[in-house]
Amino acid sequence: MKKLFTLLAALITAVRIFAQTPAATYTLPLDLASNQTVDAVAQIGDIGPNVSYIDLTSMITKLQGDLGAQTDNLNTNKNLLQIYTPMAVNLENPATYPDTQKREALTNSYNNAMKTVKGNVETSKKNIEKINADIAKITKVINNRMNIEQSQQNFRQWTSFIFAGLLAIIIGGFFYILFRSDNNNLASLLMGESGLQFITLFSLIISIILFGVLNILEGKELAAIISAIAGFILGKYDPAKVGGAAGGGAGNGGNPPPGGGGNGGNAGDGK
């Protein structure tokens, strides 16, 4: 009877020990085992002048999305590194993992998984640096283009003011000479055909220059207008009129008057 009670007590003690000691699990946690390797990103190359603003903004939008993904990867792997670093101590304890062969296999899997985690942390950091550098590079290109366009706008604005002021001076001087000047000959000259043509052509030339500076007219259009104005000016000169006037004077001087020849003939007959 005493032996029976002793055997029963030992059985109860063994049951308690096995109930209190959980069975060892020789597999990695799911989040650590399923962790994927983070790939390194490639930086963008040189940005040519043909890349439009739309493409540049699209590139920045994509890079910002990649930056968010790399930041999530960095935080995830940092958390894995913090949570499962103490697991290395448990793997060295035979009491926790009594099966030596399985413990060694689990240790190898754990080391490989933690190596991936550490590598992902470093890769994510480098990727974030690359993406930030690319965003800064594209932003610099956009700012430089905006500065160039701003300079061009300032140049066009000041050029417009200068030529508009010059045109105002010419037209103002024209009307001043007409109505306020005592020089009647000059006023008559300006009121004539030549004066009006001069004012008109000068105004047209200034307007054409402004249209070219403001990119309202292209090169071909400007060439056509300038050619038309040059043809008009050169067409005002008529060499036939000048030559005809000179030729008419020489012809009259070379032919004697009919009356003079007849009188000379009569004088000869009288002799």
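This passage describes side-chain pairings and contacts in a predicted model. Residues are numbered from 1 along each chain as its sequence is written, and side-chain values rest on heavy atoms, with hydrogens and water left out. Because the model is predicted, local features need pLDDT of at least 70 and side-chain atom pairs count only at pLDDT 80 or more, whereas totals for chains, interfaces and linings use all residues.

Two are counted, where a salt bridge is a side-chain nitrogen of Lys or Arg within 4 Å of a carboxyl oxygen of Asp or Glu. In one of them, Lys-137 pairs with Asp-46, and the closest N and O atoms are 3.9 Å apart. This pair links distant parts of the chain, 91 residues apart: Lys-137 belongs to helix 5, while Asp-46 lies in the loop between helix 2 (30-33) and helix 3 (53-84). Helices here are DSSP runs (H or I, at least four residues), numbered from the N terminus. Lys-137 is partly exposed, at 30% relative accessibility, and Asp-46 is exposed, at 78%; buried means under 20% relative accessible area, exposed over 50%, and partly exposed in between (1.4 Å probe, protein chains only).

The salt bridge between Lys-62 and Asp-66 has its closest N and O atoms 3.1 Å apart. Both residues lie in helix 3, four residues apart, or about one turn of the helix. Lys-62 counts as exposed at 56% relative accessibility, and Asp-66 as partly exposed at 26%.

Turning to the aromatic residues, one aromatic pair is present in the structure. The ring centres of Trp-158 and Phe-161 are 6.1 Å apart and the planes stand at 90°, so the arrangement is edge-to-face. For this assignment, rings of Phe, Tyr and Trp (its six-membered ring) pair if their centres lie within 6.5 Å; planes under 30 degrees apart count as stacked, over 60 as edge-to-face and the rest as tilted. Trp-158 and Phe-161 are three residues apart in helix 5 (residues 100-179), and therefore separated by about one helical turn. Trp-158 is exposed, with 59% relative accessibility.

Another ring, that of Tyr-53, has the charged end of Arg-145 sitting over it, 5.9 Å from the ring centre (the criterion being NZ of Lys or CZ of Arg within 6 Å of the ring centre and within 35 degrees of the ring normal).

Finally, Leu-167 is also found in helix 5. Leaving aside neighbours within four places in sequence, Leu-167 is in contact (heavy atoms within 4.5 Å) with Ser-203 and Ile-206. Between Leu-167 and Ser-207, 40 residues apart in sequence, the C-alpha to C-alpha distance is 8.9 Å.

How values were computed: Helix = DSSP H or I, 4+ residues; strand = E, 2+ residues; numbered from the N terminus.
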